[in-house]
Amino acid sequence: MKDLAGYRGRTLEFLRRASAGVGDVLEVKTDWGTVTGTVVPRYASADDSHVVLKLKTGYNVGLDVSRLRGAKVVAAGEKPSFSPSPAPKARPGLPKILLLGTGGTIASRVDYRTGAVHPAVDSSDLHALVPELSEIAMVDSEILFNILSENVKPLHWAKLASRIAKAVAQGYEGVVVTHGTDTLGYTAAALSFALQGIPIPVILTAAQRSSDRPSSDATLNLIGSVSIAASADISGVYVGAHLDESDRGVALHAGTRVRKNHTSRRDAFLSVGVPLAAVWEDGKVRLIDDGPPSEVRKALFRPKPKFSNGASLLKFYPSMPPSLLPSLRRSGTKCLVIEGTGLGHVSSDVIIEIGRFVRSGGMACMTSQCINGKVDLDVYDTGRDLLNAGAIPLEDMLSETAVVKASWVLANTRSAEEARRMMLTNLAGEMTSRRLPG
Amino acid sequence: MMPGDRPGLLVGLEVHQQLSAPTKLFCNCPITKTEEFPFSFERRLRPAQSETGRLDPAAVFEFSRDKPNLYLWSPESSCLVDADEEPPRQVSREVVETGLMVAAALGSGVVDEAHVMRKIVIDGSNTTGFQRTAVLGFGGSLMVDGTKVGVQSITLEEDAARIMGEDERSRIFGLDRLGVPLIEVALDPVSGTPEFVGHVALNLGRVLRSTGRVARGLGTIRQDLNISLDGGAVVEVKGVQKLNLVAKVVAYEASRQRALMEVAKKLVGRGAKVKCAVKEVTRIVPWGGSEVLSKAVGEGGKVDCVTATGLSGLLGWEPAPGFRLGREAAEVARAHSLGGIVHSDEFRKRGISEGEERALREYCGAAEDTALVLVAGEPDRAERGAAAVASRLELAPDGVPAETRGATRDGETVYMRPRPGAQRMYPETDVPLITLPKELLSAAADSVGEPWEDTVKRYTNSFRLSRDLALRLYDSDSAPVFEALARELMVEPSVIASILVEMPPRLLREGVPEDAMNEARLVELLRAIDSGAVAKEAAPDILRALGAGKAKTVAEAVGSLELSRMGESEVSSLVDRLVRSSSKLISERRESALSPLMGELMSEVRGRADGALVSRLLKERLERALKAPRGRQSSKALR
């Protein structure tokens, strides 16, 4: 059976008639000459009139099958096989680090045959791409799941948290998680709550440019993150990513205060309202803000890797229909985080619906779409009305962190009072007590 | 065989021509040369594994040089796309159309759907580590001196960043040129003389310009040459900037390759096998006699010795003047940022004594027929350089190794890196496929301008230019302005063409600076001639005055040179005066006095009046003088 990946309709017919499949060398006659090339798969989203041939020069060309006069297979298909260089030998004596793959750009590799970006085949691929890691640590790697980060769900947070908790028991001195950038901040927050008091550093890292590109930021992010995990006296959950647009430094962000703030730049991640936790530059780690001493946290470490699907996040906007709230309630939302304007405001018709939401047994929390600064419901009447309606102001917690925290809280208590108390308690550095200059 | 023919010489020409598009190929940045770059960032490129897990040799070479790249950029010419911080946008319709016009002008076949590819290039000249490129068409031909030269492919591609220098820490690039749209036309290899290859390049440039959609001016066209001799590998020479260097580079490369083949022949004659080894010799001898080596060691560097069996005497041997295997090895070392090498064929000349040589030979276990090459520098770099020199010398029996070389300004070539492997191209998934329906192709064919041969014919027929002047005009950047002025002004087209394309190079040789004769100045001058403010004969003096800084505008120059145009009455009275004072000459020579009188007048007029006017007035006045009765003339004088 021939592989006809991506081809359909007219082109599929054409290839079948020629008994050709992907990988076969096909010779076709156009009205301007004969073209010989290897049939490569078609993007599923592309039209059904062109066959794509990879020429000897490496170029791909698309030819309209309705204009081709003849086609014959001149050489049989050859399945390309990928055999990366083996991961370098581990050096005994170096810190033991676990590298966990979850998918995303950092772990993807282009299929040179199709041009599609595919997830790395296994974790050793990743390690083999950056052999320098073996100079820094004894790295074991493992692929936990392989999905784009927009498909990450609470169940993935739970799986990841459990695996990391096990790594502590296995004696790893640090864990580095590769993850897609899009929802990296959410996962970092989730792990921060599930792994409170973890005695080792857990660093989530990512890439904005896939690792098949010579310019990929994956290399520096991996080297920097593994270096920090192996050598810095820190514990807790962090995000490690490019400090700026240069391949020079990796910034370490606290897991509950980090946000992807640019769609495509390497330095997309920013710490909001707190200083960077650390910077790795010129091979050295500079600690800036490492939180409470790790001994304290070690004593407290009791992983709670459970999450609920009952938390929702709603951004308020001037034309928002208030009916969104009852509709979310009906579809199972138990805790609603509302990203209000300014100090945490919504329109008065929405306040009425918040009151109803709370009276029906739901929990409503306020954050601000300003991103920077804390909400305050005591300054304006609108705020006081919100408090009266039962809204919980979440200080300067990031909206994304708030919805993740709500998901974790809902899974870890059944008491509404306890849930409210937990939402308002600073469990993992998600709130600050003072807003500092700078 | 024609004189200058090189038997077995094959040259494949690739011309890279910048298009005159409003923006870069994959973003909305304007195309402009930036002088001041306010921002910079530093990156490292790594070789990426191909689909088989293998690494490209050229990519590994660049990575082994291990220097980060420093990119300078400015908002006036670059955005996040250039910095590889944002995905590219799709190719503009206009640029695709231009590509199709070139295909039509060359009679090439066009693909139905173009796919933008990533061609791995990790010398730092692309921030991404690859060049985006799409092949549009194949086949077609052009005629050159009566010979048909086939077209291999027509490709749309983005230009690379501009290399601005290299220091100890990094290689420095400016991003203003990165992403500028280019069209690459690759021709079938041709045989013949270097001059013929030069003509091929010239004529292809003319075909490209005939579309009216390509950029003009210095640096907008660049030639790469794939040069080989019978029995040798293909050498790719990159970046021949000037057309007149094509023939020179081909001739240089042919001689170089021939010389390397001679070395290989000698090796075969010796029955020698070349085997290389590298050993560190930093502390084996004191290096006191060699400034290069003692300096390197003094700065904390090391000295590696490459031993190459069978090559003794062949590193310094010159089969042709200037061409030595030793020079090839030195170029390889230089490509690894090392100052140079010292080899055993020149030890005495370079301060290594016989005793030192003996010590080195003994330490390295090198017999008499073995050549030694000393490579010195910063330890890591010296090690990589020595390994590269060893690999190069082992290729000596092959004669000409496949490699990529760069063209120098003098038409020579220097080693850059090994030839890239075949597997270095994969699809650019961020850019949509480009469908090229037949209607688009026929529309492009309709908008292709006049073939260049027809334009040149039109210049000779309608504007009465000589073929030579017409060709010079076509090849210059001034053809469009010539056509506009020739239609608008009353000045003779040949005068316009001559002032635009002949006068500036002539005055340049005299030392008049180029910017004093820019197009705007020349147009101003032609308009002044047209309005009668100045005579065409004064043009060189005006440009000289501008060049010397005596004036800022043409009008000022006219004033400063007292060149303001003489009116007809002024010329007339001048003629009158001269004729009267030359009565003796006139009475003796009659009509033939015209020529000496004309000469005298023109030197007095010094470009302030048109020669034709002076000549007409003088003829009229002379006729009257000759017709007039002599008596009346004298009586008039008595009054």
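**Helix pairs in chain B**

I find helix 2 of chain B and helix 9 of chain B roughly perpendicular to each other (angles of 65 to 115 degrees count as such, under 35 as roughly parallel, over 145 as roughly antiparallel and the rest as oblique). This is a predicted model: local features need pLDDT of at least 70 and side-chain atom pairs pLDDT 80 or more, while totals for chains, interfaces and linings use all residues. Residues are numbered from 1 along each chain as its sequence is written, chains are lettered from A and ligands numbered from 1 in the order written, and side-chain values use heavy atoms, without hydrogens and water.

Helix 2 (residues 93–106) and helix 9 (residues 438–447) of chain B pack at about 70°, with axes 8 Å apart. I take axes as lines fitted to C-alpha atoms, for helices over the stretch in contact, with angles from 0 to 180 degrees between N-to-C directions. Helices (H or I, at least four residues) and strands (E, at least two) are DSSP runs numbered from the N terminus. The contact (heavy atoms within 4.5 Å) involves B:R93, B:V96, B:E97, B:L100, B:M101 and B:A104 of helix 2 of chain B, and B:L440, B:L441, B:A444, B:A445 and B:S447 of helix 9 of chain B.

I then looked up helix 6 (residues 325–335) and helix 8 (residues 379–394) of chain B, which pack at about 145° with axes 9 Å apart. From helix 6 of chain B, B:L325, B:E328, B:A329, B:V332 and B:A333 meet B:A388, B:V389, B:R392 and B:L393 of helix 8 of chain B.

**Positive phi in chain B**

I note that most residues other than glycine have a negative phi. B:D84 has a positive phi, near 60°, and lies in the loop between strand 3 (69–73) and helix 2 of chain B. B:D84 is buried, at 1% relative accessible area (buried is under 20%, exposed over 50%, partly exposed in between, with a 1.4 Å probe and protein chains only).

B:S337 also has a positive phi near 60°, in the loop between helix 6 and strand 18 (341–343) of chain B. B:S337 is partly exposed, at 25%.

**Helix 9 of chain A**

I checked the length of helix 9 (residues 348–359) of chain A: at 1.5 Å a residue its twelve residues should span 16 Å, and the end C-alpha atoms are 17 Å apart, which agrees. The expected span is 1.5 Å times one less than the number of residues. Its buried residues include A:V350, A:I351 and A:F357.
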